[in-house]
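Subject: Structure handover

Hello,

Please find the structure below. My notes on it follow.

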Amino acid sequence: MAPREFYDKVRKMLGLSPQSREARALYAILMRRQERNETVTWDRETYLNIISEIESSDIRESLEEKAETLFGGVEAEKAIDLIELVSRNSLVHLDFSNVEGWDEIIFSTRDALDVCYHEARANPRFGVAIFIDEVHNFAPQVPHEAPASREAYEAMLPVMKLLATTGPRNKVPLLVATQRLSEVDKVVSTQMGQNIFAFRVEDIDLDRLKGIMGQVAETARMLPRGHAIFKGHAIKVRSPVISVIDKVIEPASVRKDILSAWRESQP
């Protein structure tokens, strides 16, 4: 493959931000090879040969450790089959608590959505409802103001738009949550207007909500805590319905504020 393709594949598989030290060092070396019209082979030996040219030992060692993720070994043995997991379980949760940055979250999510969508298209027995919280970070209206890189969103946004527009009829409905509706890509938010739960929102977000739901969105401002107004064309709810959410459990972290936690930690 071309050196630029090699770079893109490494960066996406490792979830590296283009601005990270590792990505910049890798890019510099591979672009020199590109200028010489060289081609590279996708294998461990070529990868290790390329990163051996990096002057910084810290960066070189960091990328050497990631070779197992790219080309098999210990990390590869821990790989999961997402389709199998979804087929066998009622709920599959993608845990990003140990990721290095938002690029890794976006690229990993993009790959998961893409795999599920194509499996549903090919397999009449497969289907999955996809829930995304804080969707303005996954499908932003203005990508350069969002946490991931432009390259990450260039890969992610087409998949999000595809699911928002054609997901329901292909057994992959998308359900999303956000408190900043105005920051969500308009194509995604408009299509998701078929299923919207609205609660207390800022004026700018309410304007977007009105454009999707109509004036009934104003009702959301008068609802007490724990209430939501639901309007769902996709499930043939002809009139808006007010729902009450009963809280059955809460995280331990909400029981005390940060000052209380600090006081208790003092000797």
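Helix H9 bends by about 30 degrees at methionine 156, and proline 158 follows within four residues. The bend at a residue is the angle between axes fitted to the seven residues ending there and the seven starting there. Helices (H or I, at least four residues) and strands (E, at least two) are DSSP runs, numbered from the N terminus.

This is a predicted model, in which local features need pLDDT of at least 70 and side-chain atom pairs count only at pLDDT 80 or more, while totals for chains, interfaces and linings use all residues. Residues are numbered from 1 along each chain as its sequence is written, and side-chain values use heavy atoms, with hydrogens and water left out.

Serine 189 is part of helix H10. Serine 189 is buried, at a relative accessible area of 3%. A polar atom of its side chain lies 3.2 Å from the backbone oxygen of lysine 186. Beyond neighbours within four places in sequence, serine 189 contacts Leu181, Val184, Arg208 and Ile212.

On confidence, the protein averages a pLDDT (the predictor's confidence in each residue, from 0 to 100) of 84. Confidence is lowest in helix H6 (residues 74-77), at a mean of 42. Where pLDDT is low, the predicted coordinates should not be read in detail.

Regards

Definitions and conventions
Buried < 20%, exposed > 50% of the residue type's maximum accessible area, 1.4 Å probe, protein only. Polar contact = N/O pair within 3.5 Å; in protein donor to acceptor, adjacent residues only side chain to side chain. Contact = heavy atoms within 4.5 Å.
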